[in-house]
Structure formats: structure tokens, C-alpha cells
Amino acid sequence: MAGLRRKMIRCLIFVFLLIHSTLAQKGAQSSSKWQTLSGEQPLVIARGGFSGLFPESSGFANQIALSTSLPDVVLFCNLQLTKDGVGVCLPDIKIDNSTTISTVYPKGAKSYTINGQEVKGWFTLDYTSDQLLNNVTLAQNIYSRSNLFDGQLPISTVEDVTGVKPPFFWLSVQYDSFYNQNKLSPAAYIQSASKHMILDFLSSPEIGFLKAMSSKVNKMKTKLVFQFLNADQVEPTTKQKYSSILENLASIKSFASGILVPKDYIWPVNKDGYLEAPTSLVADAHKQGLEVYASGFANDIQISYNYSYDPSAEYVKFVDNSQFSVDGVLTDFPPTASEAIACFAHQKNETKPRKGSALIISNNGASGVYPGCTDLAYQQAIEDGADIIDCSVQMSKDGVPFCLDSADLAGDTNAMLPFIDRQTTIPEIQSQMGVFSFALSWTEIQTLKPQMVSPFGNNSLLRNPANKNAGKLFTLAEFLEFAKAKAVSGILINIKNAAYLASKEGLDIVNAVTTALSNATLDKQSTQQVLIQSDDTSVLSKFNNVPTYKRVLRLDEKIGDAPKQSVEEIKKFADAVTIPRSSIIKSNEFFTVSITNVVKEMKAANLSVYVHQLRNEFVTLAFDYFSDPIVEIATYVQAAQVDGFMTDYPATAKKYMRSPCTDTDPKANVPYPILPAEPGSLFSLIPPEIQPPAQAPAAPLDVKDVIDPPLPPVTKVNESGPADAPVGPKPSSAWANGTNLGLSFVVILVLGLLSMGN
């Protein structure tokens, strides 16, 4: 059975590698001078292979790490020894959370004293290699990652890992003292194994082990690296805290050529989640002739707010700054480290986007960095490279149009506290109670503070909390003047709730927008693009008299297909469509499955297609994107071929769009081509019997979902209260009309869990 499983795994790996075969055409490494000790490019060290996606050191993890990383990637193995002295690669000495051993041997738990602490669990030294390799399989030991590969992949021996012929191999010995206390010798194993394998790096947190190995390995071939654990932990040989050992780097040079340290030894993060000034560790170690390798990198963990949830930005911080560069990074996600080093470091003089590149459209400005629709968010969006900045227009009670994502002020401002007496429920707009903009005058709205709320309802995924109330809201007129003054390439004006505002509140949002654009003379020029977006075709029809305006129909509901008749109906009102991610790429349990034909069908009718909305936070990203927003962007731009995308983080989009690595033509000889995900390829590696059930297909776009009734006339409203005139028919294309989640934590949480599908 084990042999059959291994054969199946080899076949599936071959299929996956065939899909990614273009990566074999990697160009030469950058010739730029690096601030590493050697002056060479920093190394990408893959901890257990691609352990961010697959169980650590599995065949999948190692093979796919090699196929998706830089040519000089290092495979990293944490050595554990079996009862009969065979070396296997597993994350830790306690293996019940990284394998299925507790199921196979349910009575096998034992307790050992390890470095002075009592530890209970299952340990490799209690089992022979035959028991482990033929009966026990691997499991993902970080529970936020997919468990669909659990129980499918056998434990890898050290020879299995070296057998895939990695460019470099790193062996980590975590518990030499413990194994020796139990009559097993990592040193003896390494001496024997090194006769038939190349060992490039050997690391340990135990000084005694490294000193002993100093005379047993060829230092010209094998680098010895001292691993620092947490500063307050005690080193077993000297009984000193690692923080004390750090103060005497010269002593380390006597038995090691490098150090491996947690990344916060180099760039500390304060209690508020922001970077502090870097330490002098790298410079001090380099002065002693010690290489410095940083550990603790992963895409799917909380990182400093300074990085705006862009993991590639963190790698760049460690390898490309004016003060130092580490000599390598130990990571669970080697493709992201590879793209950061090869594509984004040393790219101060960025290339211009190629002609015809997809547009970067802000979503409420740079709303991942500052509260949406504020002056700061718009300024940041422009600085971060947005081609188009957007304003979702809301109306005050006294008819002032201004920019805010929702008509409900409770989500994006602090309106709920001072104006709780104005809260009400308006089913035509949203099901929850809210404090709506048209219940307050503009003077009252100006007293409010903007607020940045996590779209995921998760306090661990906050956005730039130091600036959660920064900035001020723009009127539409101020927004337009700002866009003109900054010479931004274009603007997008989003109009919602027009029928309700006209019939119920006596507010003419269409006329307000038309007048503002005319006053800004944007209807008499073609230098800056003007995109008018709405989910209501009747609204778009009001703007067909200005030929320079590009009308965009927003379809918020997921669709599975765009039949010709429906597309032809769109063409009567719009020049482009904005559709959710899920209408373009189908997914199942956070795995992409396939690309729909929706983009092709829209573009065949000469409709531009924009996708909304892209975010950096890893909880929104399919596993196929490696928890890397850059890969998601590459997939929508290269594979789906959208004409533009709305993003909360324009800086991440610009970094990708202006990188030479976007050119995947082998003839371009780029240092590392950033490839799109291949929808369905990762899903295919999951055995059919445990794949999640297929989801019901989304309905095709129906003509009735495109055509909207004419806008109702603007009704005069008494100052004392809302008018009693009947509400105009609800726009049929406004399926998800502006639902605000500010009042319901439960709804926010559910949206966060499901947001990958949008």
C-alpha cells in the first residue's frame, strides 16, 4: 500500500511540475552588489521544502520548492533519529502534531525531560524506521493551513530529501544532548551519512555539538551555523541565555561560520505591531566574519503593520536597505522569498508598465493603509501608483455629495456614538440598522472621525491601527479638484442607491455628480479618464451624452457565465463591467478550480473587464496563490487577462506591474518569472476520494439582471421627516446593494471567512 501511495505521489508531482515547467527557463542571478558578507545574492532557505503549503519535508514540499524557487534554493531538514538510528526530516522532536502517529499507535505517548522540561507526546526514537516509514504519514502541523494533504504523504528520510538533488542541503540538529542521553548519536549518523551525500550547512542551537563537529566535517564543504533560539532560553552546553551569548559574537567564530537568528533579533517589532529601528547585529556579525541567516518568515502569519500584509515587502526589508543585508532567509514560502530577492530588491528605478497593462484602480483610495475615502487614503493611492482613484458618492441631508464607501456612516466613521438617535433600518439599502448619510447635514458629517475597520471582523488582522482615525472626508468637488491637481491618470465615480435617494429622500445624486464633473470641466477634456460606475443601468444611461466618459456596469453577484444576449444588453448602457473575483476564477475550499469564460465573453463584445476587489491579507487568498497577493494579481492579469483591478493596496499592485519579472517569456531571461497560478493544478494533487464535493455552478447572467427600470422622479421631502412617496423599483442588478457590516460583528466575521470567494 505504501509503495502504491509513493507511486501515486510521484505521478502527481510530475503533473504539477510539468505545469510549472516554464520556471526551468530561469535567467541569471542579479549582478548587483549585495551587502551580504560575500557580496553575493542572499540565499532562499526552504524550511522543510514548501512547508507553507504541504506537510514539512514531504515529497510534495521538497519537489515543488525546487520548481518554484530560485536556482540556488537551499532545502532545510530538521533531523530526527529513529530507534534504529535512521535520520528522518520532521519539524520537531515531538511528532504527534506533524504526523498521524497518534492514530496509528494510540498508546505510544511517553514523557521525556528535554532541556530541563517535561515533554509528553510521541517521539521518533521510540519507533523503528520500518514502523514509521511504512505505517505513519505526514500531517500539516500549522492548523491554519490546508489539512487536505494530511495522511497522504510518507515521512521523508534524509536520503529522500538529498535524493531530489537540491542545489544546497541544510541539516538542522535541534536536540543533540537529548538523543545522546538516549543512546543515539546525531554526530555518528552525520559522519556516516556524509560519505554518500553532500552536506552544505549544518546548524544547531547547542554549542557543544558544533564544537564536536568542527573536527569531523570538511569546513570547506560544510558550513557550521549556530542557531539562536528565543533570547530568554538557555543554551544546553554553556547554560547561558542566548541573549548573553549574542554579546560575544567573537567566541562563536571559533566554532561556526554563521549564525541563524529569529528575525526580530535583527528588526524588532514593538508591542503595537510596528517596526523599531534595526539592531546592529548583522553589521556586528559581518565584522566578525560571520554570515547571518534570519528565520521565522511565513506568508500566513501576522507581520508588522509597516508591510501592509505584503510578505514580499518584509523580505526586501531584510535584504535591501541602506544598512545591511542578511545572507539568507529561512522561510515556509520559498517562492515569495525568491520573487522578493530577484524581482523587488534593487529595483529603485522601476520599469514603466508595458503598453496595455491592466489598470490599477484604488478601492476607496489606499484603504488598506488609511481610512477609506479620506484625503490621506487618496494621497497614498497616488503615491503608491494607482492609475485610477475612486469615489463612491454618498449624499448628505442637505444635498452635498461626498466620498464614502457606504451610505451607512456607522461602518467607516464614528457616527454611531454621537448620532445613535438617528439610526434606522432601510431595507432597500441594507438589512442592518445604520446611521445614514442623508439623515445628517454636511456640517454634522464634518464633525465625524473617519475610522478604519478590518473587513474581516478579526482583531488580529487590523489595518494600520496607529492611523485608524486619520484623515478627513472629501466632498465630491474636493475629490475632483484633488485629482486634477495631482494629475492622476483617471478617476472612477461610483453611484449607488439613486432610485431610493430620488423617491424617498428627495435627493438627485445623478444631477449632483453631473454638476460636479461639469464644474470641474472634466466633461470637456480627455486628458484624464473619467469612469462612471453604477449597478443601475438607468443611472449609466444618464451619462451617455458625454462621449469621453467610460460607463462601467458593476455586477456584484457571482455569475458563472455571460451569455451573448446578456452581454449585448450591457453594451447598450456600458463600455465596461466590474465583476467579483468569484465570477472569474472558481474556487472550492480555498483551492482554485478553473477559470470561467466570463472575461472572454465580455471582452469579445469589446467590453473592458475590471475585477473587484483585491486585498493583501492572506485570509482572502486561495492556497494556489501561496498566501502571496502578488501571485493573485499575476493570475488575474496574466491568466484571466482582466483590464484592471480594484485594490485596497495599490503599492503592492504597482510593485508587480512595474517589475521586469512580469515578463514570463523565456527569451526575456528575467531573473525569476512571476507566474500566475494554474487554477485546478494544486487541487488535482488531492486524491479524489478526499477532495471536497464540487460546488453548484453559479447561475449565468440573465438579461433581466441587466435591465433596470427608469429612475423615479425626485420627490420633494418635508424637512420634518422622510417622504411617504413610494420607493422606486429596486435596481435588478444591485444584488448586493451597499451592505454595510459596521453594526454586526457576526456578519463581518462570516464575510471575512467567505471573502476569498469575492
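Trainee: With the bonded cysteines numbered in sequence order, what is the pairing?
Mentor: Keep in mind that this is a predicted model. The structure holds 3 disulfides. Number the bonded cysteines along the protein chain, and the pairing reads 1-2, 3-6, 4-5.

Trainee: Which residue is joined to Cys77 by a disulfide?
Mentor: A disulfide is a pair of cysteine sulfur atoms within 2.5 Å. Here the S to S distance is 2.1 Å, and the partner of Cys77 is Cys89.

Trainee: Is the disulfide of Cys77 and Cys89 left-handed or right-handed?
Mentor: Look at the torsion about the S-S bond. For Cys77 and Cys89 it is about -100 degrees, so the disulfide is left-handed.

Trainee: How many residues apart in sequence are the parts that Cys77 and Cys89 tie together?
Mentor: Place each end. Cys77 sits in strand E2 (residues 74–81), and Cys89 sits in strand E3 (residues 87–89). The pair therefore ties together parts that are 12 residues apart in sequence.

Trainee: Where in the chain is Cys661, the partner of Cys343?
Mentor: The sulfur atoms of Cys343 and Cys661 are 2.1 Å apart, and they form a disulfide. This pair links distant parts of the chain, 318 residues apart. Cys343 is in helix H13 (residues 334–344). Cys661 is in the loop between helix H24 (650–657) and helix H25 (745–754).

Trainee: Is Cys661 buried or exposed?
Mentor: Buried means under 20% relative accessible area. Cys343, at 1%, counts as buried. Cys661 has a relative accessible area of 0%, so Cys661 is buried.

Trainee: Which strand holds Cys403, the partner of Cys391?
Mentor: Cys391 and Cys403 form a disulfide, with sulfur atoms 2.0 Å apart. Cys391 lies in strand E14 (residues 388–395). The parts tied together are 12 residues apart in sequence. Cys403 lies in strand E15 (residues 401–403).

Trainee: Is Cys373 buried or exposed?
Mentor: Use the cut-off again: buried means under 20% relative accessible area. Cys373 has 1% relative accessibility, so Cys373 counts as buried.

Definitions and conventions
Residues numbered from 1 in each chain as written. Predicted model: local features only at pLDDT ≥ 70, side-chain atom pairs only at ≥ 80, totals over all residues. Heavy atoms only, no water. Helix = DSSP H or I, 4+ residues; strand = E, 2+ residues; numbered from the N terminus. Buried < 20%, exposed > 50% of the residue type's maximum accessible area, 1.4 Å probe, protein only.
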